[in-house]
Amino acid sequence: MNVTFEKKDDLNALISVVIKNEDYLENIKKQFKDYRKKAKIPGFRPGTVPMGMVKQMVGKSVLFEEVNRLTSEHLYQYLQENNIDILGQPMTSVEKDSITDFENYGDFTFHFDLGLAPAVELNISIKDKLTRFEIELDKKEVDTEIKNLRRQNGKLETIDKSETENDSIVLKMTEVDKKGEHKDGGVFEQEVTVLPEVVKSKKVKKQLVGVSTGDELDINVFDLFNDNEMVIVQSLGIEKEAVAELNKTFKGSVKEIRRVQPAELNQEFFDLVMGPDAVKNEKEFEAKIEENLGAYYIAEAEKQLEAELNLLLEEKHPLTLPDDFLKRWLSETKPETYNSENVDELYGTESVVLRKQLVREKIAEEQNVEVTDEDINQTSFAYTAQMLRQYGLNNPDPAMIQNFEAKNREDKGYLMRIRDVVVDKKVLDKVKELVTIKGKKLHVDKFYDEVKKFNEKVSK
């Protein structure tokens with residue numbers, strides 16, 4: 001048995017495995033004897049089947065399995081012993097033909113192409129400077145949050161006439177031509193619900209405030225939906241391609257007007273939002289809201305810092321990958337997903353994730369990042385609690401969280417995903433120690449201006 005390694009370049013290699021007759025012969029003879037003892041062949045007692053018949057019946061499959069087992073075993077043993085870090089899996093060579101005659105019991109030679117992982121050298125230091133935003137709250141933020149919570153937990157009622165921007169309007173929308181008649185083949189009496197306060201056009205917003213049930217309005221449909229193509233598609237129930245062909249003028253017939261009566265600031269409301277007896281009066285409720293908002297914006301600021309850390313790591317480590325090999329590997333191992341028509345496009349996303357993973361692994365290795373069972377349990381609990389909050393359970397009971405978490409763990413890939421989250425968090429925490437981070441105080445609006453500028457930079 002012999003294994004040889006030939007490096008083509010920094011990212012590609014050829015590995016060859018030679019399996020000789022003496023490497024497998026003794027073991028397959030043993031398998032033939034075992035089969036002969038157990039075989040039930042008409043006309044023969046167990047153990048008396050001629051060996052030639054045994055070889056004829058199972059020889060090829062036994063040989064195939066044994067040779068492939070030896071090949072795989074020694075190939076990966078060689079890679080491990082020689083610290084050769086590969087991407088994907090070895091693929092049958094497209095340049096060198098393997099020698100694989102399973103009709104006879106001779107020698108075999110297998111050639112495999114390898115995609116090699118690029119060398120990663122960390123290129124971050126205290127010279128890299130980032131900002132941790134410290135968001136300042138004012139009473140306006142607290143009041144706005146309380147107002148929103150009261151509306152979210154308020155009672156919906158139907159009224160005859162809208163009076164404020166907060167009254168929602170149910171319209172039957174019909175696309176019309178220049179004569180004001182239904183456009184042939186156009187949208188007809190599509191029911192949509194709009195909230196004037198989110199409409200950017202002052203003209204359209206003015207049209208919607210003060211209307212009564214039964215009124216008809218001539219509305220610019222693009223202004224109504226703030227020129228948001230996705231919202232237009234979903235609201236009008238049309239295909240994306242049809243948006244460009246829409247007439248801008250629609251007739252909107254007011255079918256219904258709805259108003260939310262905000263929840264009262266009483267103990268029932270406090271308990272609903274904060275949990276039973278968490279606060280006793282309005283002053284305590286405001287203090288808790290301010291505390292929760294503060295925690296939320298700290299998390300938002302940290303999320304933004306980590307987004308900038310991710311960008312820094314990406315820019316500082318422009319790794320080159322064995323692209324052709326990996327595209328071939330994806331196409332051959334996952335043909336249901338990747339094919340010649342889409343592999344270039346999909347690989348673009350895959351390669352970004354792979355580069356990120358390689359850099360993370362290097363940081364974890366150099367900084368001795370370890371993941372404990374406690375880390376996984378805490379992260380899983382927090383993830384499940386957050387998931388329940390997204391479903392509207394503001395203060396889920398710990399027992400409920402544990403119950404849902406147990407169900408999550410039934411998914412075989414769940415804990416692996418949680419582990420990846422833990423590793424990513426710990427790696428970023430280490431990076432924060434390696435670079436220079438300075439604090440900067442600013443108001444909420446200014447913070448989101450910074451976030452917008454960052455996102456525009458990334459999208460370019």
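1. At the start of α6, a side-chain oxygen of N228 comes to within 3.1 Å of the backbone nitrogen of M230. Please keep in mind, here and below, that this is a predicted model. At the other end, just after α6, G237 has a positive phi of about 65°.

2. Which residues of α6 are buried? Within this helix, which covers residues 229-236, they are I232, V233, S235 and L236.

3. Next, have a look at helix α8 (residues 282-316) beside helix α14 (residues 444-459): their axes come within 12 Å and cross at roughly 25°. The angle is under 35 degrees, so α8 counts as roughly parallel to α14. The crossing of α8 past α14 is left-handed.

4. Who makes this contact? From α8 come Y296, Y297, E300, A301, Q304, A307, E308, L311 and E315, and from α14 come V444, F447, Y448, V451, F454, K457 and V458. Sorted by class, the contact of α8 with α14 holds 11 nonpolar residues, one polar and four charged.

5. Finally, a loop residue: I124 sits between β4 (108-116) and β5 (129-136). Is I124 buried or exposed? Its relative accessible area is 14%, which is under 20%, so I124 is buried. Neighbours within four places in sequence aside, I124 is in contact with L312, L313, K316, H317, V431, L434 and V435.

Notes:
Residues are numbered from 1 along each chain as its sequence is written. This is a predicted model: local features need pLDDT of at least 70, side-chain atom pairs count only at pLDDT 80 or more; totals for chains, interfaces and linings use all residues. Side-chain values use heavy atoms; hydrogens and water are left out. Buried means under 20% relative accessible area, exposed over 50%, partly exposed in between (1.4 Å probe, protein chains only). Helices (H or I, at least four residues) and strands (E, at least two) are DSSP runs, numbered from the N terminus. A polar contact is a pair of N or O atoms within 3.5 Å; within protein, one must be able to donate a hydrogen and the other to accept it, and residues adjacent in sequence count only if both atoms are side-chain atoms. Axes are lines fitted to C-alpha atoms, for helices over the stretch in contact, and angles run from 0 to 180 degrees between N-to-C directions. Angles under 35 degrees count as roughly parallel, over 145 as roughly antiparallel, 65 to 115 as roughly perpendicular and the rest as oblique. A crossing is left-handed if the near helix is turned anticlockwise from the far one by less than a right angle, and right-handed if clockwise. Contact means heavy atoms within 4.5 Å. Ala, Val, Leu, Ile, Met, Phe, Trp, Tyr, Cys and Pro count as nonpolar, Asp, Glu, Lys and Arg as charged, and the others, Gly among them, as polar.
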